[in-house]
Amino acid sequence: MIKLWDTGAYLLRGEELIAERADAAAQIRSKTGKDISKDEAAKGTIAYRILEAHNTSGNMEKLRIKFDKLTSHDITFVGIIQTARASGLTKFPIPYVLTNCHNSLCAVGGTINEDDHMFGLTCAKRYGGVYVPPHQAVIHQYAREMLAGGGRMILGSDSHTRYGALGTMAMGEGGPELVKQLLSQTYDINMPGIVGVYLKGAPVKGVGPQDVALAIIGAVFHNGYVKNKVMEFVGPGVKSLSADFRIGIDVMTTETTCLSSIWATDEKIQEFYDIHGRSEAYQELCPKEVAYYDGMIEVDLSAIKPMIAMPFHPSNTYTIEELNANLEDILHDVEKKAEVSLDGAVPYSLQDKIVNGKFMVDQGIIAGCAGGGFENICAAADILKGSYIGADGFTLSVYPASMPIYMELIKNGSAAAILETGAVIKTAFCGPCFGAGDTPANNAFSIRHSTRNFPNREGSKLQNGQISSVALMDARSIAATAANKGVLTPATEFDGEIGTYQYYFDAAIYANRVFDSHGVADESVAIQFGPNIKDWPAMGALPENLVLRVVSEIHDPVTTTDELIPSGETSSYRSNPLGLAEFTLSRKDPEYVKRAKDIQKAETARMAGEHPCQVHPDVKPVMNVIKKDFAEVSHENTGFGSTIFAVKPGDGSAREQAASCQKVLGGWANIANEYATKRYRSNLINWGMLPFLIAEGELPFRNLDYLFVPKIRQAVGEKWETVTAYTVSVEKDSLYAFEMKLGELTDEERQIILKGCLINYNRVES
């Protein structure tokens, strides 16, 4: 089904693979009549050529990328624009689309959400952007329909910013990276590795894009095969897939922890652009005659079976057939894994889902950027046709990804077929994907064609003793399960016909409702602020030395951004930095906020010119121990703040708030064995936080310990490879040394950290 190569690979004419072995050059010569070096072949990938076209550094090893377009949604664009405004923003320099698909229900926090929307509309008018009102489209579907283009690059403030199937290299990053683009700065990275995804064969009936995506995620996530690399989809199997099918695989590449994705394009992608009235945006993309890849994933599409990603991660994959055949064993294994994810906060068992030897689910959802596509919903309608979901507890909700898709489902009868079953169809909304919609009952099990199934993504609250589960599946098998009244059923058991439907895009829907400035800014427009929209609090520069208190210690193998700052109803507070910060780590370590605020009092006093020991009893004894060996240290040249330790933090969402909330509570650093994604590490840096790395093994400190980091400002400025820190023991009146690293930092990143955050780095004083 999936094969991972343990060598690099050459691809000849888009069809034939040659392993990177001693005789590879001779094989290439015999087949092409040319001598082609590895370095030259590496330039033959689609990804290389797109990156080269957007790189402004002149050095392909050290990229400085300028993107063609930007896109954000309503839980990110307020903070991004507020940050850019503090840095002197006068006009959006490139097209910037503000969509409203996360807080679109306006159901929590009074006027908060609609206030954010009006902020977005007035900013689009003032700075020359595009505003997509609530319920019109989820962020990524609008980008596919209206923004993507062959050879382009798009940066979005949502982690699932992936339009590779349409020939667009897109990346999801934290808000500060979009701020840099708004200020005409660059996205700076080392040249990423490029891994080929070689598709062959064709999917069997009943297998959908989510099945292929989950199979790939299950094969590559845990071993980091594509971490921070670009996945390039090639091979003869690409042509067997429709545009919608490719899009459905592509959007899920985020869950592999890759940096971005790109696909070879053909007449089916050209047709996609033709349908959407943007024929000029199509560009044929394919590897050169010989292209070299740093790794290769071989996927036999014909061998893919209906898949399920069990709680609580998209990589926890099984075939549905395998799960049904080994229910008790697999469910027991999932329960054991859940003990780690849930920290034993609530009782958790799936054994009661076995009824008469069958696995019974309680809810089905087909939604968002992954599930809400036209073909997915049409296929679900065909499978559901003539069935009904029953009058028991099982429910089914379908969310088309855009209003044009919804309109076409009405016109071709698919909407009626779905509604006749007892299911419901709702408007474009991302809530079921991040815990703000369709929350099931306590202990319920939901199957969803969406992007993630982390804890709380279905809306449960561990602190209130509430827990339910999400498993990821394809729309086709969700429909088959719904037709079977909640009995888990792979769509390959459906013996009817799944049709092929022609899609017609109604451009008038957007033309009549979406505000498009066409790049014209209007300085006369006053920005509309709601009472919840707050400026970022003042943040100081990095001091000469640091005293850090460890205020949370997390030993889970991976810590997600959902655990660092919960999703769901907290999203309503993302325009209020201090208000949102109250939720930091609330579902993982409820004591975190209190502890962080406690040590922050010392830094607040210091910044005000007061002595920190006057407000915090620990400061004086800690400083007394430090001064024994570092007599020059004083509260004037030493900052005080917090840090957390996590084994591997930052998997999942691109949301900058996972870092900024720690910062506004006085966080100066994270300490980790590694960072799960480039996105999260960049967020830390852009908020002026030190991304420390410590070797795996025995930890030289524990939760609530004080750490002293001398000469940290000098270390950052002078590019020290290793930083010596000390655990402070007041009880033993001693310092215990250990080493940390900061990893590679660009000169600009060092300046951002020294200044205290990106806002300070760019700030324009009024």
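Figure 1. Strand S12 (residues 230-234) joins S13 through 4 bridges in the parallel sense. Within this pair, look for Phe233, which stands opposite Trp263 in S13. Please keep in mind, here and in every view below, that this is a predicted model. Zooming out, the pair belongs to an open sheet of 5 strands, ordered S1-S15-S11-S12-S13 and with mixed pairing. Strand S1 (2-4) and strand S13 (260-263) stand at the edges with a single partner strand each, so one side of each has no neighbour in the sheet. From one strand to the next, the twist averages 20°. Helix H8 (residues 209-220) lies across S1, strand S11 (194-200), S12 and strand S15 (295-300), and runs at about 35° to S1.

**Figure 2. Tyr96 sits among its contacts in the largest nonpolar core.** This core has 174 residues, and Tyr96 and Met310 are those with the most contacts inside it. Which residues does Tyr96 touch, leaving aside its neighbours within four places in sequence? The contacts are Leu70, Thr71, Ser72, Phe77, Ile80, Ile81, Gly129, Val130, Leu178 and Leu182. Another core, of 28 residues, lies apart from it, with Val647, Trp668, Ala669 and Leu742 among its members. As background to this view, nonpolar side chains tend to be buried together in soluble globular proteins.

**Figure 3. Helix H6 is largely enclosed.** How many of the 8 residues of helix H6 (residues 139-146) are buried? The count is 7 of the 8, so the helix is largely enclosed by the rest of the structure. The buried residues of H6 are Ile139, His140, Gln141, Tyr142, Ala143, Arg144 and Glu145.

**Figure 4. Helices H7 and H25 cross.** Two packed helices are described by the angle between their axes and the distance between the axes. Here, helix H7 (residues 175-182) and helix H25 (residues 678-686) pack at an angle of about 70°, and their axes are 8 Å apart. H7 and H25 are therefore roughly perpendicular to each other. On the H7 side the contact is made by Gly175, Pro176, Glu177 and Lys180, and on the H25 side by Lys678, Ser682, Asn683 and Asn686. By residue class, this contact of H7 with H25 divides into 1 nonpolar, 4 polar and 3 charged residues.

**Figure 5. Helix H27 and the elements that cover it.** In helix H27 (residues 747-755), the residues Glu748, Glu749, Arg750, Ile752, Ile753 and Leu754 are buried. What covers the buried residues of H27? The cover includes H7 and H25, together with strand S10 (187-190), strand S31 (690-693), helix H26 (712-717) and helix H28 (758-762). Just after H27 comes Gly756, with a positive phi of about 110°.

Figure 6. Strand S30 (residues 667-672) is mostly covered, with 6 of its 6 residues buried. S28 and S30 pair in the parallel sense over 5 bridges, and Phe645 stands opposite Ile671 in S30. S30 also runs parallel to S31, joined by 4 bridges; here Ala672 stands opposite Leu693 in S31. Is Thr643 buried or exposed? Thr643 is buried, its relative accessible area being 2%. Not counting residues up to four places away in sequence, Thr643 touches Leu548, Arg549, Val550, Val551, Ser552, Ala669, Asn670, Ile671 and Leu707.

Figure 7. Strand S33 (residues 723-729) is mostly covered, as 6 of its 7 residues are buried. Strand S32 (residues 706-709) pairs with S33 in the antiparallel sense over 3 bridges, and Val728 in S33 is the bridge partner of Tyr706. S33 and strand S34 (residues 734-740) also run antiparallel, joined by 7 bridges. In this pairing, Val723 stands opposite Met740 in S34. S33 and S34 form a hairpin with 4 residues between them. In the turn, Asp733 has a positive phi of about 55°.

How values were computed:
Residues are numbered from 1 along each chain as its sequence is written. This is a predicted model: local features need pLDDT of at least 70, side-chain atom pairs count only at pLDDT 80 or more; totals for chains, interfaces and linings use all residues. Side-chain values use heavy atoms; hydrogens and water are left out. Axes are lines fitted to C-alpha atoms, for helices over the stretch in contact, and angles run from 0 to 180 degrees between N-to-C directions. Helices (H or I, at least four residues) and strands (E, at least two) are DSSP runs, numbered from the N terminus. Angles under 35 degrees count as roughly parallel, over 145 as roughly antiparallel, 65 to 115 as roughly perpendicular and the rest as oblique. Contact means heavy atoms within 4.5 Å. Ala, Val, Leu, Ile, Met, Phe, Trp, Tyr, Cys and Pro count as nonpolar, Asp, Glu, Lys and Arg as charged, and the others, Gly among them, as polar. A nonpolar core is a set of buried Ala, Val, Leu, Ile, Met, Phe, Trp, Tyr and Cys residues joined through side-chain atoms within 4.5 Å. Buried means under 20% relative accessible area, exposed over 50%, partly exposed in between (1.4 Å probe, protein chains only). Two strands pair if DSSP finds at least two bridges between them.
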